[in-house]
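I opened this model to look up a few local features. My notes follow in the order I took them.

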Amino acid sequence: MSGEIGEHCGLMGVWGNDSAAYEVYLGLYSLQHRGQESAGIVSSDGRTLQSRKGPGLVSDVFHMDDFKRLPGNHAIGHVRYSTTGSGRIQNIQPLVVEEIEGLLAVAHNGNLVNARTLRKQYQDKGAIFETSTDSETIVHLLADPQHRNLPDRLAHCLGHLRGAYCFLFLTNEMIVAARDPNGFRPLCIGRLGNSTIVASETCALDLLKAEYVRDVLPGEIVTVSDRGVETASFGRDCRTRTSQCIFEHVYFARPDSNVFGENVHKVRVTLGERLAAEHPVDADVVFAVPDSGLSAAMGYSRGSGLPLDLGFIRNHYVGRTFIMPAQDDRRSSVEIKLNVVRNVVEGKRVVVVDDSIIRGTTSKSRLDQLRRAGAREIHMRISCPPTRHPCFYGIDFPEASKLAATGRTVAEVARLLGVDSLGYVSMEGLLSAVSDPGAFCTACFSGDYPVLPEEEMDKLSMERKIC
Ligand code: SF4
């Protein structure tokens, strides 16, 4: 449910292109849905690294003149929503550090479940951290004198990390991409002429007119340099089960992307069809909560034979900088973002399809809008099972007690929302929409965590007051 879940991060890298920074900038535009808090690009001309980053959307942070200050044929970029650490300026990525071998830029997507422990170990030894993010941990692991001379230094250091990570590293000699052995987050490789591209989602390759080559595999390190593309694997054995985030398909990724080998729109349509089979209802019209519910609503319409219409219209111009109304203002931010098409709704029995219910407050406001517009019956259909558990791997769900479905039956959630009926896709239905069901994490629905956190997880757990 858009508006209730924090997005996480998006990564983009280009090696061997005259306008590398600009290509990264275009790619970050495509990945904006993965994080709207800040954006950054670091480029290399083979001699030094240059960085430009700031808070806000890609369009807020970069201006044409910036690309003159980001020279070189190689660049990486990042869009961020903070799942660990606040939005303070030092936390904006890519991070740039100077280690003994030279300058290094790091961009991270995911969430580490043992970062606080590792951070404490290094702080006890005298290390100084500049950020309050989990991402900085890898810098200290790499700089550790015990690791510095290891032949497989990066693989060894990544082996210390637990949880979800895709990393992009940039030096003057190479771009390195790495994906954790569980493969929680997506990362793909593309080709544009002689340039190599790495991106969180394939929609970024499309915008660059780059050809998709393959995904970075779980537990793989891909090094791109003047020597070409080299790969190494780490952290996996025959018992390692991947746990790719199924929520990427349900909500996060863009429908035009292929993630984990499957088109997101197609998976969502299948979920909608399954929803129609599992929870049919006698109604007049079906529509989506835009935008993330659109594909599943199409599937529900196909599966049920009910006509698909537009019940809500989204105002695409309400950005992050929108000033929230005062508490006593009777116009809510939900209403400013989404309006009802009264003509479609009035006097009708409507089926509303959404991707998820998180806290339930946003859903409730939207459903109230439908009632006020004269909907006769409201039947809500959700294209995933009830979300009852927090995510420790980079999706910013609230704690369990704040999730609408935690401790409530489906009938109780329906009462909370004030709908005539409520149906969620079953776990079997969810997994039937992907071709390799055993390869996915479903912990936010099942509570079955593939990597247990080693410490209490809190977004601001590494934050201290800075004067
Ligand atoms: S817990 Fe849910 S949101 Fe988090 S990685 Fe697993 S499936 Fe994705």
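Which residue just after H14 takes a positive phi? I looked it up in the model, which is predicted. Gly 418 does, with a phi of about 75°.

**Helix H14**

I then went back into the helix itself. H14 spans residues 410-417, and I found Val 413, Ala 414 and Leu 417 buried there. They lie on the same side of H14, because they cover an arc of only 105° around the axis.

**The ligand**

Next I asked where the ligand sits. I found it in the largest cavity. Around the ligand I listed Arg 185, Cys 245, Ile 246, Phe 247, Cys 391, Tyr 393, Ile 395, Cys 441, Ala 443 and Cys 444. Helix H8 (246-252) and helix H16 (443-446) are the elements that give two or more residues to this shell. By class, I noted nine nonpolar residues, one charged and no polar in the shell.

**Val 222**

Last, I picked Val 222, which belongs to strand E12 (residues 220-225). Is Val 222 buried or exposed? I read a relative accessible area of 2%, so Val 222 is buried; the cut-off is under 20%. Leaving out residues up to four places away in sequence, I found that Val 222 touches Ile 175, Val 176, Ala 177, Ile 189, Arg 214, Val 216, Val 229, Glu 230 and Thr 231.

Terms used. Residues are numbered from 1 along each chain as its sequence is written. This is a predicted model: local features need pLDDT of at least 70, side-chain atom pairs count only at pLDDT 80 or more; totals for chains, interfaces and linings use all residues. Side-chain values use heavy atoms; hydrogens and water are left out. A residue is near a molecule or strand if one of its heavy atoms lies within 4 Å of it. On a 1 Å grid over the protein atoms alone, a cavity is a set of points where a 1.4 Å probe fits but cannot get out, and a pocket is an open set with protein on both sides within 12 Å along at least five of seven lines; lining residues have an atom within 4 Å of a point. A molecule sits in a cavity or pocket if more than half of its atoms lie within 2 Å of its grid points. Helices (H or I, at least four residues) and strands (E, at least two) are DSSP runs, numbered from the N terminus. Ala, Val, Leu, Ile, Met, Phe, Trp, Tyr, Cys and Pro count as nonpolar, Asp, Glu, Lys and Arg as charged, and the others, Gly among them, as polar. Buried means under 20% relative accessible area, exposed over 50%, partly exposed in between (1.4 Å probe, protein chains only). The arc is that of the directions from the helix axis to the C-beta atoms. Contact means heavy atoms within 4.5 Å.
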